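Subject: Structure handover

Hi there,

Here is the structure I promised to pass on.

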Amino acid sequence: MSRKPSSIAPHWWDYTTLEDDLLRDAAALTPARMLRLSRPGFKVVMYDTLEEFYLAEALEYITAWKQATPDNPVGICGPIGPTEQLPLVARLVNDLGLDLKSGHFWGMDEWHLDGREMLPTHPLSFERADRELCFSRIRKDLVMPNEHLHFPKADTAAYRDSWATGVRCAVMQGGQGDVKHWAFNDPPRRAGKFKDHPPAPAEYRKLATRIVDLHPLTIAQNARTSGGGNVSMVPTRAISVGPAETWQAEKVSIWHAGCHDNPFGQRLTTLMIAKKLADAAVPMSLLADHPNVQFNFYRPGIGTCEVQMH
């Protein structure tokens, strides 16, 4: 029997196709109950100030890169969204005098526009943001070689190969979008063999870095967060790190500041991962099967799911 249609985009899968009981249970969660959803392999952490939140996020970079040696190169995979941690990373590296010559960095994703990856000269480029907010601010005697910076391209071969060179990914950071993705791992269209049911979690987890079509919610969200609401300026395709690479990261660390996904979404994925309710209509929930996931919340950004008329 086919699942109910999305109330947002009927030709796509998304969280609105889940059972109503699960949606109600998620909406009813309080921050205190969310904190108690930690279990082995899934840790919920909360911060009371934004300063502490973004400093902790920046320190994950430092902790990872401090492990790197010429014989044991170590990297981190990081997001654009959030970005507030990036200047802090550069300041910490410079002030600590941390030599990054054996460190690596993978960008999670990039826009796909006019048949290729978005060029770093474009204002919306993720590579541009990483370089301007972080790597160009690190002292030249400390920063890693440019070949240790891995940004996804339309031809994904080199990026995918970089995950198979023996460099250890200590942590993959991410945010969570309105459609409950990390990177641009959006739910798929409701078509073909996925017309009645989304992909099985095991099938979705096989996906590697690829060019993806973006769910309408993702396009609208990026217009809101990066383009002043101008939907027409946001590309409809992107290049995204896949679950295949994500499962190579020793830890997946997701940062919820309340700026990207909303109070309901933060609750829903916390509940689904805690209860191991993996469903490809909610891609973030697939992390229920990763052995080391941490959700980091800015407590005032969790908000409430109570009805408020504005």
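Let me begin with a term: a polar contact is a pair of N or O atoms within 3.5 Å; within protein, one must be able to donate a hydrogen and the other to accept it, and residues adjacent in sequence count only if both atoms are side-chain atoms. By that rule, the side chain of Ser 136 reaches the backbone oxygen of Arg 131 at 2.7 Å.

Before going further, please note that this is a predicted model, in which local features need pLDDT of at least 70 and side-chain atom pairs count only at pLDDT 80 or more, while totals for chains, interfaces and linings use all residues. Residues are numbered from 1 along each chain as its sequence is written, and side-chain values use heavy atoms, with hydrogens and water left out.

Helices (H or I, at least four residues) and strands (E, at least two) are DSSP runs, numbered from the N terminus. Two strands pair if DSSP finds at least two bridges between them. Buried means under 20% relative accessible area, exposed over 50%, and partly exposed in between (1.4 Å probe, protein chains only).

**The parallel sheet**

Seven strands make up an open sheet with parallel pairing, in the order β1-β11-β10-β7-β2-β3-β6. Its edge strands are β1 (42-47) and β6 (149-150), each pairing on one side only.

Strand β7 (residues 168-174) runs parallel to β10 and is joined to it by three bridges; Met 172 has Val 252 in β10 as its bridge partner. Five bridges join β10 to strand β11 (residues 293-298), again in parallel, and there His 256 has Phe 297 as its bridge partner. Together, β10, helix α10 (residues 263-274) and β11 make a right-handed β-α-β unit (with the strands pointing away from the viewer, the path from the first strand over the helix to the second runs clockwise).

Over at β6, two bridges join this strand to β3 (residues 103-107), and the two run parallel. Phe 105 has Leu 149 in β6 as its bridge partner.

**Aromatic residues around Phe 105**

Phe 105 also takes part in ring pairing. Rings of Phe, Tyr and Trp (its six-membered ring) pair if their centres lie within 6.5 Å; planes under 30 degrees apart count as stacked, over 60 as edge-to-face and the rest as tilted. The count comes to 17 aromatic pairs. One of them is the tilted pair of Phe 105 and Phe 135, at 5.0 Å centre to centre and with 55 degrees between the planes. That pair links distant parts of the chain: Phe 105 is in strand β3 and Phe 135 is in the loop between α5 (126-133) and β6, 30 residues apart. Phe 105 counts as buried because its relative accessibility is 0%, and Phe 135 counts as buried at 6%. Ring pairs link Tyr 61, Trp 65, Phe 105, Phe 135 and Phe 151 into a cluster.

Ser 136, in the loop between α5 and β6, is exposed, with a relative accessible area of 55%. The C-alpha atoms of Ser 136 and Gln 248 are separated by 27 Å, and these residues are 112 apart along the chain.

**The antiparallel sheet**

There is also an open sheet of four strands, in the order β5-β4-β9-β8, with antiparallel pairing. β5 (116-117) and β8 stand at the edges with a single partner strand each, so one side of each is left without a neighbour in the sheet. Four bridges join β4 (residues 109-113) to β9 (residues 237-240), where Trp 111 stands opposite Ala 238 and His 112 opposite Arg 237. Four bridges also join β8 (residues 210-213) to β9, with Ile 211 opposite Ile 239.

Enjoy exploring!

Best wishes
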